[in-house]
Amino acid sequence: MKILRWNIVVGVLMLLLCGNAQAYARDLAIISNKDYPVNTISTAKVKEIYLGEKMSEGSVKIKPMDQNDEQLRRRFIERVMGTSVDGYKAYWIKKFFQEGITPPTTKASSSEMIHAVGGTTGGIGYVWADEVRGDSVKVLLKIDVGN
């Protein structure tokens, strides 16, 4: 009987731990305006867009947007861009002064990002995948950014 209780306790703890791990594991979604000329995008292309190296898709001028949500922005920069937040800021300061190219505009929240991307031709941004709502945007890529 004692062994059965321990097995139940261990089983419940394992379920709670697994449940919490999944609750915190979120995907990041790269979204675009619904009229964006492509339906999928690679991580490498996203990186080119956010480094100011790829500025158009066909005849559409790309307008990348950045997040002000600290956790989401850090995950995007570290996992997609492959650098630190400070490294990304330094890159854009240098690019701005050397080439005159402005960094992506910043949106305060995911809801503001979705609204802005949906209302901007060539708009592209990133949000948590579970926050994507409405038919004004489409998901180009989902990225597992872990815990």
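Is Lys54 buried or exposed in this predicted model? Lys54 is buried, with a relative accessible area of 17%, where buried means under 20% relative accessible area, exposed means over 50% and partly exposed lies in between (1.4 Å probe, protein chains only). The model is a predicted one, in which local features need pLDDT of at least 70 and side-chain atom pairs count only at pLDDT 80 or more, while totals for chains, interfaces and linings use all residues. Residues are numbered from 1 along each chain as its sequence is written, and side-chain values use heavy atoms, with hydrogens and water left out.

The sheet is open and has five strands in the order β5-β4-β6-β1-β7, with mixed pairing. Strands here are DSSP runs of E with at least two residues, helices are runs of H or I with at least four residues, and both are numbered from the N terminus; two strands are taken to pair if DSSP finds at least two bridges between them. The edge strands, β5 (105-107) and β7, each pair on one side only. From one strand to the next, the twist averages 30°. Strand β4 (residues 63-67) pairs with β6 in the parallel sense over two bridges, and Lys63 has Gly123 in β6 as its bridge partner.

Helix α2 packs on the sheet and touches β1, β4, β6 and β7, its direction making about 115° with that of β6. Contact is defined as heavy atoms within 4.5 Å; axes are lines fitted to C-alpha atoms, for helices over the stretch in contact, and angles run from 0 to 180 degrees between N-to-C directions. Helix α5 (residues 110-118) lies across β1, β4, β5, β6 and β7 and runs at about 155° to β6.

Seven salt bridges are found in a search of the whole structure, the criterion being a side-chain nitrogen of Lys or Arg within 4 Å of a carboxyl oxygen of Asp or Glu. One of them joins Arg26 to Glu131, with the closest N and O atoms 3.9 Å apart. Arg26 lies in the loop between α1 (2-24) and β1 (27-33) and Glu131 in the loop between β6 (123-128) and β7 (137-144), so this pair ties together parts that are 105 residues apart in sequence. Arg26 is partly exposed, at 25% relative accessibility, and Glu131 is likewise partly exposed, at 26%.

Lys45 and Glu48 also meet in a salt bridge through their side chains (3.8 Å, N to O). Both residues lie in helix α2 (residues 43-50), three residues apart, about one turn of the helix. Lys45 counts as partly exposed at 35% relative accessibility, as does Glu48 with a relative accessible area of 27%.

In a further salt bridge, Lys54 is paired with Glu57, and the closest N and O atoms are 3.3 Å apart. Glu57 is buried, with a relative accessible area of 17%. Elsewhere, salt bridges that share partners join Arg26, Asp130 and Glu131 into one network.

Val85 is placed in helix α4 (residues 85-99) and counts as partly exposed, at 21% relative accessibility. Apart from its neighbours within four places in sequence, Val85 is in contact with Arg73, Arg74 and Ile77. The C-alpha atoms of Val85 and Glu70 are separated by 9.7 Å, the two residues being 15 residues apart along the chain.
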